[in-house]
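Dear colleague,

I am handing over a structure that will be new to you, and I would be grateful if you could look through it alongside the notes that follow.

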Amino acid sequence: MITGFRRLMAAAAAVAALALPAAAQADTLQDVLDAGKLRVGVLMDVAPWGFKDDKGEATGLDIDLAKLMAADMGVELELVQVTGASRIPSLLADKVDVLIAAAGATPERAQQVAFSQAYAAVDLGVYGPKSIAATEDPKALAGHSIAVAKGTTLDLWLTENAPDAQYVRFEDAPSAVAAYLSGQAEMFAENSAIARTVSQQNPGKEVELKFLIRQSPAHVVVKHGEQDLLNWINTFLYYNRLNGKLAKLQTTWFGAPQQVPLM
């Protein structure tokens, strides 16, 4: 009888031990709902994703999407400025609840964080003046100077696939673009949304696609283990894709609605 009781208690303890990780698991979605505030990490210096307008107000696709997300969640929005390099560390350090910061999904990044379905898609490429011929062969970039933000997907891909180009590396995308505009580099590597904005803002400067790398969808990013939050975000994106609000945001900032790939 005692032996049976001990076995029962041991089994109960084992079940309780197995349940501990799940019980201790964070639930950011519920935390946000309880607090009544959603902290979203956004870029503030990369138009049209996120930037400040003439009045100093935050604007852009990611900003508008963050506003829509908070409204659909029924909570207050707090925008937290991040940079390309600090995006994921800010999320992992619990400085933000989610990232809406032009983040592309890669297998390497997926080891650190989780990605939603895509909410927009751009093309990664190298842009320059008419005087430089467009090419489909990365080897043709050899000898040309290309401004690029260091450590980015663009930098890593080009370094591996076009090693004979001359790279002028900068801390961030705005600095790389500024280098092209000032003549410090023949071309610059960026995504098509940023290149379009550069062309619009600098009508006297030629900005043409010289080499296409690949399509790059943008995703909302959350920490690993936040499945309830990730499910809610995917439902939010699905719902606003159906009602046309996502397409409206894409048209406002990219000039046309997009057919984004699904994961």
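Predicted model: local features only at pLDDT ≥ 70, side-chain atom pairs only at ≥ 80, totals over all residues.

Residues are numbered from 1 along each chain as its sequence is written, and side-chain values use heavy atoms, with hydrogens and water left out.

As for how the domains meet, ten residues of domain 1 are in contact with nine residues of domain 2, contact meaning heavy atoms within 4.5 Å. Together the two domains bury about 840 Å², of which 57% is on carbon and sulfur atoms; buried area is the accessible area (1.4 Å probe) that two parts lose on being put together, summed over both. On the side of domain 1 that touches domain 2, the elements giving two or more residues are strand E2 (45-46) and helix H9 (245-254), where helices (H or I, at least four residues) and strands (E, at least two) are DSSP runs numbered from the N terminus. By class, that side of domain 1 has eight nonpolar, no polar and two charged residues, with Ala, Val, Leu, Ile, Met, Phe, Trp, Tyr, Cys and Pro counted as nonpolar, Asp, Glu, Lys and Arg as charged, and the others, Gly among them, as polar.

Across this interface the rule finds zero salt bridges, whereas a search of the whole structure finds seven; a salt bridge is a side-chain nitrogen of Lys or Arg within 4 Å of a carboxyl oxygen of Asp or Glu. One of the seven salt bridges joins the side chains of Arg39 and Asp94 at 3.3 Å, N to O. This pair links distant parts of the chain, 55 residues apart, with Arg39 in strand E1 (residues 37-43) and Asp94 in the loop between helix H4 (87-92) and strand E6 (98-103). Asp94 also has a positive phi of about 65°, although it is not a glycine.

Finally, the peptide bond from Ala47 to Pro48 is cis, with omega near 5°, and Pro48 is placed in the loop between E2 and strand E3 (50-52).
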